Every structure is written in C-alpha cells, then in structure tokens.
Amino acid sequence: MKKTVLEFDSVSFHYQAAKTSLPTAILDHVHLRVHEGEFVSIIGPSGYGKSTLFRLITGLENPDGGQILVNGEASDNRLGQVGYMPQQDLLMPWRTILENVRLPLELQGKKQAHARIIELLADFGLAGVENTYPANLSGGMRQRVSFLRTVLTGSNILLLDEPFSALDAITRLTMQEWLVDQWQKFDKTILFITHDIDEALFLSDRIFVLAEKPVQTIREIVVPLDRPRTMRNLAQPEMIELKERLISELRSEASL
Amino acid sequence: MKKLLSYTWSIAFITVLLVSWEIGARLYDKSFLFPSPSAILVKLWELKAELFIHHLPPTALTILIGLTISIVIGSALAVSMYMKKPIEQAFYPILIASQTIPIIALAPIFVLWLGYSIWSKVAVTVLITFFPITVSVFDGLRSSDRNLRELMLTMGASTKDIFFKLDIPSALPSFFSGLKVAVTLSVIGAAIGEWLGAQAGLGYFSRRMMTQFDSAAVFAPIVLLSAVGIICFLFVVWLEKIFLHWRKHQ
C-alpha cells in the first residue's frame, strides 16, 4: 500500500458570500485520501465545491470542522506546502519568463540556479523564451510556464485547477499528453479539477465525483486503464460505458 | 520617420497659428500690448543672462523641492491608506474634499505663515501636486490582482513579499500617470507662488514686467516656464519607458 500524502478527516466547510446572507454548506464531514504518485481528477458541476476543495488544501481557507493532513501533518497554516496552478496562468506581465518561473524559489529564499531553470524551460518546449515577456507567448506556452512555476515550488503535491479550459481543442489534447509525461517524469502527486469527462478519464488513476450539495461522500471511480494510454483507449466499450454512467450521474444532479 | 509624420498636423497647426499671430501683431502695431512671436524671441535673447542666471534657478528649485515633498509624503500616505483601512477612511474623504478648496485663493496665507522665502512657493507647489500623486499611487496599489496575491500566498509569500513583488510593480503604471499630471501642475504652482511675492523667479519677473507695460518681457519668462514644464514631462516619460519597458511587449 502506498503512502497517503493528503487526507481529509471528516472535514466540514461552509461559505458565506456576505455578512447578511445565509451560509451555504459546501462540505459536510467529508473523508478523502490521496496516495503518493497518484493522478486524481475532481469532476462535478459548477458551484459544487471543486475550487473550495483546493482552497482548503492550499490553506487559503480553513475547515469549520475536521482535519486536513498534508504529508501526514495537520496544521492550520498550510500555506506554502502544496503547489497550486490556477485556471488563468497568472503570470506577472512585468517579469520575464525566467523571472516568473523563479518566483517560488525567490519566495523560499532559495538559490536560483538559472542554468537549471533554462534547462527545464527547454524540456518544457520553451527554449529561448526565458528573456521574453508573457504577453509574447501563446496560451499553451503560458500554461506550460505556469506549470513549471508550480513544479518549482518543490511540493510533492500539485493542484491544477482546470488548467486547460481556456485552450483550443487541439492544443488541449497536446497539453494533456504532455502533462502525463511531465507527471511521470517528476514523480508528483497531482489533483486535477476539470469539467471534461474525457479529460478526466484519459489522465487519471482515480476520479472524485462531487455530485451532491453539500458534499457528504465523494464518489470514487477507478479508471480501469493501464499506462501508457492513448486517446483511442477511451473508445473501448467498458470506457464508453463508464463515461455514460458518469454523464448520467452528473446530469441527474445538474438538472435539479 | 514614421513618428515624425504623426506630428505633421500639429506642426502645421502651430505654424499657421504663429504666422497669423505674427501678422496680426504687426498690423495692430502696439507691441507694448500685443507683441509678435518674433519680438518675444528677441526679448528672450536680450534678457537671456538675467532670466537664466537670476530667475530660472529659484523657480527650478521650487519645482524640485515641491515635487520631491509631494512624491515622498503622497506615496507614504497612499501606502498607509492601502495598508490600514482606518487610515483610508480617515484621509480619503479629506483628500477629495481638499480639491474643492481654491488653492490659488489659499496661497496668500502661506506667504503670511512662511514669509517671502522659498518655502511659501514650495507650499503652493506641494498643495497643487500632492493630490494627483497620492490618488494615483493609491489607485495603483488597489489595482493589484487578487488572484495573484492568493497564488503568492499559496507559495508561502509574506506580506512584505506581496508588497514589494506584487503591489509596487502593479502601482507603477498608475504612479507615472499621476506624476505626469503633477510635473505640469508643479510649474503652475511655482509661478503662482512667485506672483504673491518674491525677490526672484520666472513667475515673479513676468508679473513685474506687466507693471512696466513691457508685454514682450511678460511673455518671455512664460515661454521659458512652459519649456521647463515640457522638459520635466519628457523626463518623466523617459523614466516611465525605463521602469515600464515590459509594456512595449503588450
């Protein structure tokens, strides 16, 4: 059995838009476990707490009840422990690519090995752009820069929040294959929010389905595919069946 | 070359304006009331020693000191308003309200308090340039991206990190816009200050010549004053290009 790197132990959380509005319960005594080196996708309709889950893990929010254990430790100050890659690339327009990528190292006060960063940029298909500015890069390139910045936080757990949702379909396919390569190379644990079922099936070992409000139990689906995978694997009969089941499950909830 | 072409129309317009002024002034032929541009230039040349050596330095010094004080105190106030909500609530309304005070009408009181020294002129300059700088720095700080702030927090950033690596770079474009307004206003501030009473200065000299019905000599220091304003403005534009060079990539 592999080591557990992330654990929710009976976590509850509610959200209050304004002081006068009624609190909305998002999580109600939720349990979850993520193992070392796993690729887990989180899927569910909008407003069902996918992003809240990430805000809790990163430490931007703290739970009302229960415990969150990151690498076996429970603490109220989890900031700086996991790598978070937001939906928009959020690169600083006034910094060059190199300066953007090294931001987490700067914040940790670590020595910035420029040669190593330039090497990594080249591995990411970003050779020669280290001194240009984000505005000069395409959307796909900016997402790769943003991903490298997340990797350089040095955390073993990476949270990716719909990183490819703003990309066109073709770029998206390339980026998905690329992400799997990088994940295997860097040996990280990845949690990946998406609302695209194909994307979740293609990328993940397990899929967490958030399909109730508030979430009480997270439904888990183990993807029955070996690696390496290709898009063609998704056309297998059992995969199509799994996809149908997921869609009907999500739809019954979304139509309410 | 292309850049020069974009100025074609404004150069043409100014030429037409100057030529008609010259013709008009010559036809009217009362140079003590309505001097021609060429007469002003001649006057400027005749008075060059007095203007440049005697009157330009005190005015330039007033502008320099006034702007420096405004930048230092204005930015400090903007940062404290941004950092502490109570300070914002205390000062922001006052800051806005202070703009409804007719500053020119207030200027004599500074002479009363600070005498005919340079400080009464500096006070007027500060009063007139303080507002654009404070407001532009404050708005610039507030424009920093909340999502980026949260991302930096997840990377373990401290408040100091966020201030220096996010807030200040975010505020710079707005600060430079405010500074451009402030440098042009500072010339006006210094000139007004000098009207009220001074021993030297371009504003003072211009006003003194008015009492002598020498209108060409009234205009000559004004030409010089606007030249100072334009040079200061271009200097800020140059600084902006250096600090915000990333913007040309957008």
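One term before we start: buried area is the accessible area, taken with a 1.4 Å probe, that two parts lose on being put together, summed over both. Between chain B and chain A that comes to about 2000 Å², and carbon and sulfur atoms give 69% of it. In contacts, meaning heavy atoms within 4.5 Å, 20 residues of chain B meet 24 residues of chain A.

Quick housekeeping. This is a predicted model, where local features need pLDDT of at least 70 and side-chain atom pairs count only at pLDDT 80 or more, while totals for chains, interfaces and linings use all residues. Residues are numbered from 1 along each chain as its sequence is written, chains are lettered from A and ligands numbered from 1 in the order in which they are written, and side-chain values use heavy atoms, with hydrogens and water left out.

So, who touches chain A? Take Glu150(B), in helix H8 of chain B, residues 146-154; helices here are DSSP runs of H or I, at least four residues, numbered from the N terminus. Leaving aside residues up to four places away in sequence, Glu150(B) touches Arg55(A) and Leu60(A). Is Glu150(B) buried or exposed? Buried, because its relative accessibility is 16%, and the cut-off for buried is under 20%, with exposed over 50% and partly exposed in between (1.4 Å probe, protein chains only).

H8(B) also packs on a neighbour. Leu148(B), Arg149(B), Met152(B) and Leu153(B) meet a set of residues in H9(B) that includes Ile162(B), Lys165(B) and Leu166(B).

Now the domains of chain B. The assignment, which is automatic or from a database, gives domain 1 (1-30) and domain 2 (35-249). Five residues from domain 1 and six from domain 2 make the contact. About 450 Å² is buried between these two domains, 61% of it from carbon and sulfur atoms. On the domain 1 side, Trp21(B), Glu22(B) and Ala25(B) supply 74% of the area buried against domain 2, more than any other three residues.

Last stop, Leu18(B), in helix H2 of chain B, residues 8-28. Leu18(B) is partly exposed, at 39% relative accessible area. Its C-alpha is 6.9 Å from that of Pro37(B), 19 residues apart along the chain.

Terms used: Helix = DSSP H or I, 4+ residues; strand = E, 2+ residues; numbered from the N terminus.
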